[in-house]
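This briefing is meant to be read with the model open beside it. Please follow the topics in turn and find each residue as it is named.

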Amino acid sequence: MSLLTQSPVWRALQTHHKAMAQRHLRELFQQDARRFEKFSLLFNDMLMDYSKQPVDQETIDLLLALARQQKLEDWIARMFSGDKINITEHRAALHVALRSEQSMFIDGADVMPEVKRVLKQMEHFSVAVQSGIRCGYSGETFTDIVNIGIGGSDLGPAMVTEALKPYWISGITPHFISNVDGAQLSQVLQRLNPATTLFIISSKTFTTQETLVNAHSARQWFLSRGGSEKDIAHHFVAVSANRAAVEKFGIDPENMFVFWDWVGGRYSLWSAIGLPIALTVGMGNFYALLAGAREMDRHFATVPLDKNLPVILGLIGVWQINFFGISSHVVLPYDQSMHRFPAYLQQLEMESNGKRIAHDGDTVDYATSPVVWGELGANGQHAFYQLLHQGTQPVSADFLVPCQSHYPFGDHHRVVLANFLAQTEALMKGKTEQEARAEMTSQSIDAETIRQLTPHKIFPGNRPTTSILFKKLTPKSLGSLIALYEHKVFVQSVIWNINPFDQWGVELGKQLVGKILTELENHVPVTSHDSSTNGLINHLKANR
């Protein structure tokens, strides 16, 4: 047994859970008219309501005691001070510096002058492209931006640009290529004019296989449709730390935007990885995105734990995962612009905290990250909400809702808000057998039909949800929301004593790809793997 699960606080939470598991959320609301007031928090125009979680004041007090036992405040201070808390890679995790206005240090050196230099480089480049000063080989202005990356070099920028669609600069359309399957790249390129297309190749090492396969195909497409070798320098830029590889590709080093090994890929949209964001919505809005994150950083670093949104959000997750045994967490935005947000959070949460080894190298004896998934809430209601309401496996949920819409078209947003409110209430309250029978009786349904239908009409309720409301989806509010989840993930990693900033789990598959690629070059039968992999390879060779 680990020190964590043997600790008095953990055992007290286990005992407390036995009592809370017997109490229905409906009952908790009936017993306390001030429940919402007690279990909700405000940050600027953001409201986080966790009153529909199975908690009382004792729960929160015990969870806060757990956070103090795990020295959460010390870990927060260490992250902000540039300590090398990514222990397996001997690196700092100082992504907060990317949106800071104050000096921040790693090994005694202030990183902020270089951060500001790259931001200014992004600003000058964005203005040049948007104004037409920087143009294509034919003298025409750029109309399309194609970002080629994968993982953090794709999910963050793609999510943010889509979320900020109301802020897009007229005449510029972004495209994001991540899948090494040629279908995605070819379908995008066939709609574009090479003379007005700008490519951004995003890879820290400039060796990421999927990214380079797509980049070289894009390069060949460009050269085969009117562009020349010397034009590569005008139409391709790189976000990387590998100057030699960038130059070899044909990209002018002046058009290379750097970022640093203390920035993890899934935390990198605030860096030059965010160049497609700046090009699409303007550098002013990119700075507003940074400002929103910076305000959440300040809140996280300075506000007491019991009033701290990322802390409480993270601890609620620990309560659900480790004590209620919930292994599935759904994210439900009620805003079309946020349709990529669940996919972004999948990487942020599961790549960060999908770990089984603690800091000391021992295997943990408790659950860590849940499976994170999601969809637009209004669409999900006609798909998987059946399982949320009446399924056999418990799922926790975050509902994300703007109070105001950028698209006040007819009565649409009022309907969206009504659906959000109805779903969280229904998941909490459920419907009892008596209520189901009374409802059908009022509809003059005969007694035998009522008897048959009643079991199907019962909703157990007591399904945990957290609601996060914000006034409007703006660059600033989006920045705060993303930072909220970044810090939530960090809080949970501290409780679980794991490193959220490495990702060794992605390495083994990458290592095997090289050997298999060579084996797929010919038609010689393969026998060097297990029988399944051999059979699959040989079947593919025979049928491609």
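Helices (H or I, at least four residues) and strands (E, at least two) are DSSP runs, and they are numbered from the N terminus. With that naming in hand, note that this is a predicted model, and that every value below was computed from it.

**Two loop residues with positive phi**

- Most residues other than glycine have a negative phi, and most peptide bonds are trans.
- Asp 107 lies in the loop between S3 and strand S4 (109-110), and its phi is near 55°, a positive value in a residue other than glycine.
- Is Asp 107 buried or exposed? Because exposed means over 50% relative accessible area, Asp 107, at 64% relative accessibility, counts as exposed.
- His 90 is found in the loop between helix H6 (72-80) and strand S3 (105-106), and phi of His 90 is likewise a positive value, near 55°.
- His 90 has a relative accessible area of 60%, and so His 90 is exposed.

**The open parallel sheet**

- Five strands, in the order S6-S5-S7-S8-S9, form an open sheet in which the pairing is parallel.
- Strand S6 (173-177) and strand S9 (256-257) stand at the edges of this sheet, and because each has a single partner strand, one side of each is left without a neighbour in the sheet.
- Within the sheet, strand S5 (residues 144-148) and strand S7 (residues 197-202) run parallel and are joined by five bridges.
- One place to look at this pairing is Val 146, which stands opposite Phe 199 in S7.

- Strand S13 (residues 465-470) is mostly covered, since six of its six residues are buried.
- In a regular strand the side chains alternate between the two faces of the sheet.
- In S13, Thr 465, Ser 467 and Leu 469 point one way, whereas Thr 466, Ile 468 and Phe 470 point the other way, and all are buried.
- Strand S2 (residues 46-49) pairs with S13 in the antiparallel sense over four bridges, and the bridge partner of Met 46 in S13 is Phe 470.
- S12 pairs with S13 in the parallel sense over six bridges, and here the bridge partner of Phe 399 in S13 is Ser 467.

**Helix H14**

- Helix H14 (residues 283-302) has 20 residues and reaches 28 Å from its first C-alpha to its last, which is close to the 28 Å expected at 1.5 Å a residue.

**The enclosed cavities**

- Rolling a probe the size of a water molecule over the atoms shows where empty space is left.
- Of the 16 residues that line the largest cavity, Gly 317, His 329, Ser 396, Lys 488 and Gln 492 are the closest to its centre.
- The elements that give two or more residues to this lining are helix H15 (309-323), strand S10 (328-333), strand S12 (396-402) and helix H22 (475-496), and H15 gives the most, with five residues.
- By class, the lining of the largest cavity has five nonpolar, eight polar and three charged residues.

- Helix H10 (209-224), helix H16 (341-353) and helix H23 (507-519) are the elements that give two or more residues to the lining of the largest pocket, with H23 giving the most, four residues.
- The lining of the largest pocket divides into 12 nonpolar, 18 polar and nine charged residues.
- The second largest pocket has a volume of about 390 Å³, and among its 16 lining residues Tyr 334, Asp 335, Gln 336, Ser 405 and Val 416 lie nearest its centre.
- Helix H17 (377-380) and helix H19 (412-429) are the elements that give two or more residues to the lining of the second largest pocket, a lining that divides into seven nonpolar, eight polar and one charged.

Methods. Residues are numbered from 1 along each chain as its sequence is written. This is a predicted model: local features need pLDDT of at least 70, side-chain atom pairs count only at pLDDT 80 or more; totals for chains, interfaces and linings use all residues. Side-chain values use heavy atoms; hydrogens and water are left out. On a 1 Å grid over the protein atoms alone, a cavity is a set of points where a 1.4 Å probe fits but cannot get out, and a pocket is an open set with protein on both sides within 12 Å along at least five of seven lines; lining residues have an atom within 4 Å of a point. Ala, Val, Leu, Ile, Met, Phe, Trp, Tyr, Cys and Pro count as nonpolar, Asp, Glu, Lys and Arg as charged, and the others, Gly among them, as polar. Two strands pair if DSSP finds at least two bridges between them. Grid points are joined across faces, edges and corners, and a volume is the space filled by probe spheres set on the points. The expected span of a helix is 1.5 Å times one less than its number of residues. Buried means under 20% relative accessible area, exposed over 50%, partly exposed in between (1.4 Å probe, protein chains only).
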